[in-house]
Amino acid sequence: MDDLFWDERLTLLYRTWCEKKGARAAPTRDDFDPAEIFALMPIMHLIDVIREPLGFRHRLVGTELVERMGRDVTGRWVDADTYGEAAAEIFDGLKIIATEVRPYRRRARLDWHKQHWLTTEAVEMPLLGPDGEVNMVLRGATFFVRAERLPERLEFMPLAA
């Protein structure tokens, strides 16, 4: 697990998610005490899963993410207005997490963003609602300026749950 991510904070967030889920498919939002993960909050997103029609809306966006991206998307939908040409692939990834109920690692070049030289790495993990369905995606993300470009624009890899 320690070599899955470039940033150790993502490893810690993923490890915490795994511990909180126990034998269940995923933990709930209530399983997380903000005091326990306070140091990780600047790199975290909470994304609501809205059903019928399926949609994703940013509930919380960490301060480091807002700083690095130069904008705050809290309350905004995952759509073309927010993510431009990358919207469909971001939406599809969140849909997979919500339907498969499993975590993923995302690495992507930000060629759609004004800071196109950045590469992002994220861990994206489902959270269950009271009905047992995924009602939120917990996402930790960090950004890098890398000497070598990713071979593909996007790597989206399932992780052991």
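Is E121 buried or exposed, and at what relative accessibility? At 0% relative accessibility, E121 counts as buried, where buried means under 20% relative accessible area, exposed means over 50%, and partly exposed lies in between, with a 1.4 Å probe and protein chains only.

This is a predicted model, in which local features need pLDDT of at least 70 and side-chain atom pairs count only at pLDDT 80 or more, whereas totals for chains, interfaces and linings use all residues. Residues are numbered from 1 along each chain as its sequence is written, and side-chain values use heavy atoms, with hydrogens and water left out.

**View 1. The salt bridge between R107 and E121.** A salt bridge is defined here as a side-chain nitrogen of Lys or Arg within 4 Å of a carboxyl oxygen of Asp or Glu, and R107 and E121 meet in one at 2.8 Å, N to O. Because R107 lies in strand β3 (residues 104-109) and E121 in strand β4 (residues 118-128), the pair ties together parts that are 14 residues apart in sequence; strands (E, at least two residues), like helices (H or I, at least four), are DSSP runs numbered from the N terminus. R107 counts as buried, at 10% relative accessibility.

**View 2. The salt bridge between R59 and D48.** The side chains of R59 and D48 form a salt bridge with an N to O distance of 2.8 Å. R59 belongs to strand β2 (residues 55-61) and D48 to strand β1 (residues 44-50), so this pair ties together parts that are 11 residues apart in sequence. R59 is partly exposed, with a relative accessible area of 48%, whereas D48 is buried, with a relative accessible area of 8%.

**View 3. The salt bridge between D31 and R24.** In this pair, the closest N and O atoms of D31 and R24 are 2.7 Å apart. D31 counts as partly exposed at 25% relative accessibility, and R24 counts as partly exposed at 35%.

**View 4. The network of D7, R9 and E64.** Salt bridges that share partners join D7, R9 and E64 into one network. By the cut-off given above, the count comes to nine salt bridges.

**View 5. Strand β5 and its pairing with β1.** Five bridges join β1 to β5, and the two strands run antiparallel; two strands pair if DSSP finds at least two bridges between them. The bridge partner of H45 in β5 is R139. Of the 12 residues of strand β5 (residues 134-145), 10 are buried, so the strand is largely enclosed by the rest of the structure.
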